[in-house]
Amino acid sequence: MRQLIDKPYLYFLLAIPLFLVIGLWHGDDVLDVGLYDTYYVASFWDLAILACILFGIMGLGYALMKEAVRKQLNRLIWIHVGFTFGGILLVWILSGFYRTDIMEYKFNNYLSAVISVLVLLILLVQFIFPINIVYGLTRAKSK
């Protein structure tokens, strides 16, 4: 687990090929999310490319901080990496329980709410990354 703190960029950079494979696997399949009376539709390929760009930026940020010998807060690294990957995994597992054959099933409504809250939490946790980068840049160099 010490490697998570020492090299968090490895997790983000190694996830990029995984997202590309998932995006290619699903091809032109679409993800549609209905919120109230609005449907948001995106293809899995577009989502995979977006995730690769974001994970590349985060991996590069962590790698540059390591190269510049800037110390970041370990708790923030744990929270950011843990909630990002744990949340994505949890959303992926919960989405497998979604029932498309029975659309009026109340379980789908509750599951959609839980998945929406998880996705919102994952998005909010991403603000920890720039906070930790700014903290590392303003702090004195570690030895």
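Predicted model: local features only at pLDDT ≥ 70, side-chain atom pairs only at ≥ 80, totals over all residues.

Modeller: Residues are numbered from 1 along each chain as its sequence is written, and side-chain values use heavy atoms, with hydrogens and water left out.

Colleague: What makes up the secondary structure of the chain?

Modeller: The chain has six helices and two strands, in the order α-α-β-β-α-α-α-α from the N terminus. Helices are DSSP runs of H or I with at least four residues, strands are runs of E with at least two, and both are numbered from the N terminus.

Colleague: Why is Gln72 called buried?

Modeller: Buried means under 20% relative accessible area, exposed means over 50%, and partly exposed is in between, using a 1.4 Å probe and protein chains only. Gln72 has 7% relative accessibility, so Gln72 counts as buried. Gln72 sits in the loop between α3 and α4. Across the chain of 143 residues, 28% are buried.

Colleague: What does Gln72 touch?

Modeller: Leaving out residues up to four places away in sequence, Gln72 touches Tyr62, Met65, Ile77, Asn132, Ile133 and Tyr135. Contact here means heavy atoms within 4.5 Å. The C-alpha atoms of Gln72 and Arg139 are 8.5 Å apart, although 67 residues separate the two along the chain.

Colleague: Why are α2 and α4 called roughly parallel?

Modeller: Axes are lines fitted to C-alpha atoms, for helices over the stretch in contact, and angles run from 0 to 180 degrees between N-to-C directions. Under 35 degrees counts as roughly parallel, over 145 as roughly antiparallel, 65 to 115 as roughly perpendicular, and the rest as oblique. The axes of α2 and α4 cross at roughly 20° and come within 11 Å. Therefore α2 and α4 are roughly parallel to each other. Pro8, Tyr11, Phe12, Ala15 and Phe19 of α2 meet Ile77, His80, Val81, Thr84, Phe85 and Ile88 of α4.

Colleague: And why are α4 and α6 called roughly antiparallel?

Modeller: Their angle is about 155°, with the axes of α4 and α6 10 Å apart, and α4 and α6 are therefore roughly antiparallel. From α4, the contact is made by Leu76, Ile77, Ile79 and His80, and from α6 by Ile128, Phe129, Ile131 and Asn132.

Colleague: How do α2 and α3 cross, and how close do their axes come?

Modeller: The axes of α2 and α3 come within 8 Å and cross at roughly 170°. That makes α2 roughly antiparallel to α3.

Colleague: What makes a group of residues a nonpolar core?

Modeller: A nonpolar core is a set of buried Ala, Val, Leu, Ile, Met, Phe, Trp, Tyr and Cys residues joined through side-chain atoms within 4.5 Å. The largest one here has 15 residues, and those with the most contacts inside it are Phe12, Phe19, Phe55, Met58, Tyr62 and Phe129. Helices α2 (8-26), α3 (44-67), α4 (74-95) and α6 (128-138) each supply at least two residues of this core, with the largest share, six residues, coming from α3. Apart from this core lies another, of six residues, including Val91, Leu111, Ile115 and Leu118.

Colleague: Which residues does Phe12 contact?

Modeller: Leaving aside neighbours within four places in sequence, Phe12 is in contact with Phe55, Met58, Gly59, Tyr62, His80, Val81, Thr84 and Phe85.
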